[in-house]
Amino acid sequence: MSNTVNLVFNNTITKLAGFPYGENIFETQVKGKIDLQQPCKIIFPNNIEGIASSFVQGFFAEIINSIGFQGIEDKIKIETSSKELTNDIWNKLL
């Protein structure tokens, strides 16, 4: 297990929204592919320019239930196309 996940979205998608969509992306692209008890990295593709809080909350819901907010801060690195977008995700999450 490399503990890195490269998320994949259709190239025409530039913004992500929706709690159920976030949950679905976590279930289909992340769950079982990384060890949340170890440091890990989640990489969003460069075509993603905006992420709504509803997507962030849905995507991270199971992770929060598993390791809590402190665990996310301690173990998860989020990589996006810009520092601003990465900070925006953290602000919506914590």
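How far apart in helix H2 are phenylalanine 55 and phenylalanine 59? They sit 4 residues apart, so about one helical turn separates them. A note before the views: this is a predicted model, where local features need pLDDT of at least 70, side-chain atom pairs count only at pLDDT 80 or more, and totals for chains, interfaces and linings use all residues. Residues are numbered from 1 along each chain as its sequence is written, and side-chain values use heavy atoms, with hydrogens and water left out.

**View 1. Helix H1 packs against helix H2.** Here we have H1 (residues 19-29) and H2 (residues 53-75); helices are DSSP runs of H or I with at least four residues, strands are E runs with at least two, and both are numbered from the N terminus. The two pack at an angle of about 45 degrees, with their axes 6 Å apart. Axes are lines fitted to C-alpha atoms, for helices over the stretch in contact, and angles run from 0 to 180 degrees between N-to-C directions. That makes H1 oblique to H2 (under 35 degrees is roughly parallel, over 145 roughly antiparallel, 65 to 115 roughly perpendicular, and the rest oblique).

**View 2. Who meets whom between H1 and H2.** On the H1 side, look for Phe19, Tyr21, Gly22, Glu23, Ile25, Phe26 and Glu27. Their partners in H2 are Ser54, Phe55, Gln57, Gly58, Phe59, Ala61, Glu62 and Ile63. Contact means heavy atoms within 4.5 Å.

**View 3. Rings in the whole structure form 7 aromatic pairs.** Rings of Phe, Tyr and Trp (its six-membered ring) pair if their centres lie within 6.5 Å; planes under 30 degrees apart are stacked, over 60 edge-to-face, and the rest tilted. Phenylalanine 55 and phenylalanine 59 are stacked, because their ring centres are 5.9 Å apart and their planes at 20 degrees. Phenylalanine 59 and phenylalanine 60 are edge-to-face, since their centres are 5.0 Å apart and their planes at 75 degrees. Ring pairs tie Phe9, Tyr21, Phe26, Phe44, Phe55, Phe59 and Phe60 into a cluster.

View 4. Phenylalanine 59 has 0% relative accessibility, so it counts as buried. Phenylalanine 60, at 1%, counts as buried too. Buried means under 20% relative accessible area, exposed over 50%, and partly exposed in between (1.4 Å probe, protein chains only).

**View 5. Asparagine 47 lies in a loop.** That loop runs between strand E3 (40-43) and strand E4 (50-51). At 17% relative accessibility, asparagine 47 counts as buried. Leaving aside neighbours within four places in sequence, asparagine 47 is in contact with Phe9, Asn10, Asn11, Ile13 and Thr14.
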